[in-house]
Structures are given as structure tokens and as C-alpha cells.
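Biologist: I would like a close look at a single part of this model, and then its wider setting. Please keep it brisk.

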Amino acid sequence: MELTAAHWLYALVTLVVIVTMLFRRGVVLPTIVGTFLVACVYKGSFVGGFMAVFNANLVAARELFSIFLIITLMVALLNSLKDLGADQKMIIPIQKVMVNGHIAYFVLMVVTYVISLFFWPTPAVPLICALLVPAAMRAGLPAMGAAMIVAIAGQGMALSSDYIMQIAPMLTATSGGMETVQVADKAMILSLITGVTAVAVAYAMMYKSIAKPNSEEAQNAVDLLNSMTADKDSVEAEVSAASEVTIGHRKEIWGKVFAVLVPLSMLAVMIFMFSTKVGNSEAGTFAGGDGAAFIGGVAAVLLILASVAFGRIHALDKIGDHITDGFVFAFRAMGPVIPIAGFFFLGSSDFTGSILSLGEEAAKPGFLFDLVQSAQASIPENAFFSAFGILIVGIITGLDGSGFSGLPLVGALSGAMSNSAGIDPGTLAAIGQMGSVWTGGGTLIAWSSLVAVAGFCGVSVLELARKNFIPVMTGLVVATLAAILFM
């Protein structure tokens with residue numbers, strides 16, 4: 001397709017978005033304005049521009065609503081488990097395993113990864129840090145080491161693949177015109193390579209600073225943590241007091257039941273989802289929307305059971321509160337992504353017809369895809385260049401501290417570049433997803449959710465980001481090389 005003024009305007013706005021991210025500013029405003037301007041120029045009408053802004057957000061919301069729904073149900077389930085105290089009961093027995101700082105490091109990694117994989121790290125971090133970090137520190141793990149492994153395993157390794165809820169790969173794949181499974185499976189492999197590498201490098205860095213269990217040094221560190229997080233402790237005390245006064249014996253019994261039932265249910269979900277990846281069963285393509293629907297349905301049933309166990313007849317009202325809180329959390333976390341995705345959906349001809357209100361027979365421009373296709377002759381057909389180029393773009397888009405706002409861009413770029421890149425589009429998209437989420441999701445950027453990890457562990461967020469840099473960047477480089485060579 002011949003390039004028009006609208007194509008060049010789209011390219012300019014995309015460049016503005018990237019520069020804005022470099023300056024750590026939000027990109028919702030430039031993407032909305034960009035959608036309006038591109039549509040005005042292409043349609044030759046201000047009315048068409050206004051309609052396109054609304055349509056772009058509507059199309060993005062329609063495509064991404066399953067993401068909001070799965071977040072809502074998982075957060076609602078976690079809140080219902082808090083009512084019963086089951087969330088704490090699931091974790092407390094793990095404290096006994098932390099016999100020394102070295103074991104505590106890897107126990108923290110596994111627990112953080114698994115819980116974050118199912119519930120996302122943002123709601124999981126307070127629970128993990130409140131109950132397991134003090135125990136790990138008593139075992140000899142330094143506070144900075146605990147903070148590093150929680151961030152790397154949760155905000156990094158679990159969130160970058162997001163394999164259970166599949167929100168990140170869905171965002172990346174949709175804007176690139178790919179199936180979610182094309183990105184999800186590869187992102188899972190790359191997240192494990194990045195994570196294992198980062199975990200090993202971080203462990204080597206802190207090996208000599210791990211103290212003996214229950215030593216004076218370890219106890220002093222715990223005392224310092226307690227003094228720095230007094231608010232957290234008071235909240236725990238209030239929760240504990242409320243548990244004893246208001247719920248009593250019934251809550252204790254059901255809390256134990258759900259502390260076993262929920263992990264077993266989630267384990268069964270994981271086993272089933274993995275089992276469909278092997279063999280030749282009809283469910284072999286069970287992923288993406290189907291995967292999100294399955295985990296969401298399981299979460300909804302568990303939410304109902306937990307709400308009834310806690311409130312009995314009051315569950316009729318309580319479950320509505322949990323779902324409302326879940327939607328509020330989902331829109332706070334993902335709301336800004338809608339207008340950003342809407343702009344980058346303009347880059348694909350799959351969506352421009354709906355956004356620009358074009359007729360069935362009209363030509364559908366794919367502004368970003370058309371730009372890349374026209375520049376193919378000047379783009380080196382080199383997998384190494386393309387892979388590390390997408391990784392750098394992903395890292396840049398993560399500088400806003402979100403980790404997810406850049407996924408529509410890296411997905412669209414990956415889909416557009418796949419023909420000239422010499423590398424599978426799903427692999428390219430997964431590499432970009434790694435760069436964006438590991439950077440902005442909460443391992444390298446001090447103004448991201450890394451703040452919460454640092455606060456709960458009682459360490460400087462700037463120092464934590466600096467300590468994470470070498471392990472995480474090493475992991476990203478190793479994973480990208482592995483993708484080029486073996487995927």
C-alpha cells in the first residue's frame with residue numbers, strides 16, 4: 001500500500017510516544033491525540049477524528065476486556081481468602097523450611113514465583129513480605145537479598161510470562177495480529193531463562209553477605225525491619241485481632257480448608273494446562289482465551305465457596321463487594337492501557353476498519369505494518385539485529401514504570417517486522433515482552449511497583465534497583481541469545 005500523510009503522522013506520533021517514555025512520562029495523552037490526528041488526516045474530517053478516538057478505545061476495550069475480568073476474579077478470590085485468613089495459613093508452614101539464609105533465598109524464590117503466577121505480584125507482595133521475609137532474615141538472608149529475590153521472582157519471572165492469567169501475552173499478541181499461544185509459550189521459556197540467570201547472578205553477588213541463622217546480625221536486621229514497617233505490623237495486628245474477635249472457630253476451620261483447597265485447585269489447573277501442551281488431544285490448543293476462561297471460572301467458583309463459608313447468608317452481599325473491589329483494582333492497573341492499545345491497533349489492518357468506520361469493501365490501512373513493509377529494503381535481514389532491537393524497544397517502553405503499557409507497541413512492531421527479521425514473530429514479541437515487563441514491571445525502575453517491595457523489606461528502592469541491574473540485564477541478554485539460537 002502506498003504511504004500517505006497519515007502514515008508519516010503515525011510514525012511521528014509513535015516516535016513521540018517512545019521519547020515520552022524515555023522521559024518517564026505517561027503516554028495516554030499523546031496516544032489519544034495521535035489517534036485523533038491520524039484519523040483526521042486519513043479521513044479528511046474532524047468528525048471522523050472524533051469518532052475514531054471513541055472507536056479506538058471501544059475496540060481496545062472489547063479486545064482486552066477478558067484481561068480485566070480475569071484480574072477482577074483473581075483479586076476477588078484473594079480478598080475472599082483474606083476474610084478467612086486462608087491466605088496466611090497457606091504460607092505460614094513454609095517458614096519452618098527456612099533453616100538458613102541460603103535455603104531461605106530459594107524458598108522465597110519458589111513461593112513468590114508460584115503465588116505471583118496465579119495472583120499477580122502486586123497483591124501477592126504484601127502477603128509474602130509480611131510473613132516470609134522476616135523469617136528469611138532471621139535465617140540469615142540480608143534484607144537486600146530478600147528484596148532482590150522477591151522482585152526478580154515475582155515482578156520479573158512470574159509477571160513477564162504471566163502464563164496462567166495470560167494478560168501480558170494477550171496484550172502483546174493482539175496488537176501484532178497473532179494468537180496468544182504464539183507468544184505465551186515462548187514468553188514462558190524466555191522468562192524462565194531470564195529468571196534463572198538473574199537468580200543465579202544475584203545469589204553469587206550476595207553469597208558472602210548471608211549471615212548465620214538467628215545470629216545477632218540477623219536479629220538486628222529483623223528489628224530494623226520491624227521499626228521501619230510499623231504500619232504494616234499494626235495492620236497485621238488489626239487483622240489478627242479481628243480474626244480472633246469477629247470470626248472465631250468457624251473461620252479457623254474454613255480457613256484451613258481453603259488453605260488446602262485453593263492451592264490444590266490451582267495446581268490442578270496448572271497440571272491440566274500443561275498436559276494440553278503435550279500429546280495429540282483435541283485440547284492441545286488450550287491456551288489464550290480458553291486458558292483465561294478456565295482459570296477465571298475456577299476462581300469464580302472458589303470465590304463463591306469462600307464467600308459462603310465466611311458470610312453464609314451475607315455472602316449474597318459480600319461477593320458483590322469483592323467483585324467490585326476486583327474491578328477497581330483491574331481498572332487502576334490496566335485502565336491506561338486501553339487508549340494506548342487503541343492507538344497501536346491502528347497499526348494493524350485487522351482493526352482499522354472498525355476504528356476508522358470504513359466500509360466492508362474499503363481498503364484497510366495498517367499504518368505501522370505499512371511503514372515497516374515499505375522500509376524492508378533498508379532493514380537488515382538479521383535475527384540478531386532484530387531481536388536485540390526489539391529488546392531495546394521493550395526496555396525503553398518499560399521506563400514509564402508500568403511494564404504493560406509498551407506491550408501493544410512491541411507486539412505491533414514484532415508482527416510488522418517478522419517478514420524481514422528472519423525470526424518467528426511470536427519469538428520476537430516474547431523478547432520485547434521480556435524487555436518491557438522486566439524493566440517496568442518492578443525490577444529495574446525505582447518508580448514502579450518495586451517501591452512496594454523495597455518498602456516492605458525496609459531497603460532503599462534506588463539501591464534495590466541498582467542491585468537488580470546486573471542480574472536482570474544478564475538474564476535478558478542470555479534469554480535473547482537463546483531465542484536467536486534455539487527458537
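Which backbone nitrogen lies 2.8 Å from a polar atom of the side chain of Asp162, and what surrounds that residue?

Modeller: It is the backbone nitrogen of Ile167. A polar contact here is a pair of N or O atoms within 3.5 Å; within protein, one must be able to donate a hydrogen and the other to accept it, and residues adjacent in sequence count only if both atoms are side-chain atoms. First, the ground rules. This is a predicted model, in which local features need pLDDT of at least 70 and side-chain atom pairs pLDDT 80 or more, while totals for chains, interfaces and linings use all residues. Numbering runs from 1 along each chain as its sequence is written, and side-chain values use heavy atoms, without hydrogens or water.

Asp162 sits in the loop between α8 (143-161) and α9 (167-175). Helices (H or I, at least four residues) and strands (E, at least two) are DSSP runs, numbered from the N terminus. Asp162 is buried, at 1% relative accessible area. Buried means under 20%, exposed over 50%, and partly exposed in between, with a 1.4 Å probe and protein chains only. Beyond four places in sequence, Asp162 is in contact (heavy atoms within 4.5 Å) with Trp120, Ile167, Ala168, Pro169 and Phe404.

Phe404 leads on to the core. It is among the residues that touch the most other members of the largest nonpolar core, along with Ile71, Leu108 and Met334. That core has 150 residues. By definition it is a set of buried Ala, Val, Leu, Ile, Met, Phe, Trp, Tyr and Cys residues joined through side-chain atoms within 4.5 Å. Helix α3 (residues 46-84) gives the most to the core, with 16 residues. Leu108, its neighbours within four places aside, is in contact with Met98, Ile128, Leu132, Ala136, Leu141, Ala146, Ile149 and Val150.

Now the aromatics. There are 16 aromatic pairs in the whole structure. Rings of Phe, Tyr and Trp (its six-membered ring) pair if their centres lie within 6.5 Å; planes under 30 degrees apart are stacked, over 60 edge-to-face, the rest tilted. Tyr10 and Phe343 are stacked, 4.5 Å centre to centre with 15° between the planes. Tyr10 lies in helix α1 (residues 5-22) and Phe343 in helix α16 (residues 337-345), 333 residues apart. Tyr10 is buried at 0% relative accessibility, and Phe343 is buried at 0% too. Phe68 and Phe331 are a tilted pair, because their planes stand at 35°; their centres are 4.5 Å apart. This pair joins helix α3 to helix α15 (residues 315-334), across 263 residues. Phe68 is buried at 2%, whereas Phe331 is partly exposed at 42%. Tyr10 and Phe343 also belong to one aromatic cluster with Tyr42, Phe344 and Phe367.

Buried residues in α2 include Pro30, Gly34, Phe36, Val38 and Cys40. Just after α2, Gly44 takes a positive phi of about 65°.

Finally, the whole protein. It has 23 helices and 0 strands. Of its 487 residues, 56% count as buried. Among contacts with a separation of 6 or more, 79% join residues 24 or more positions apart.
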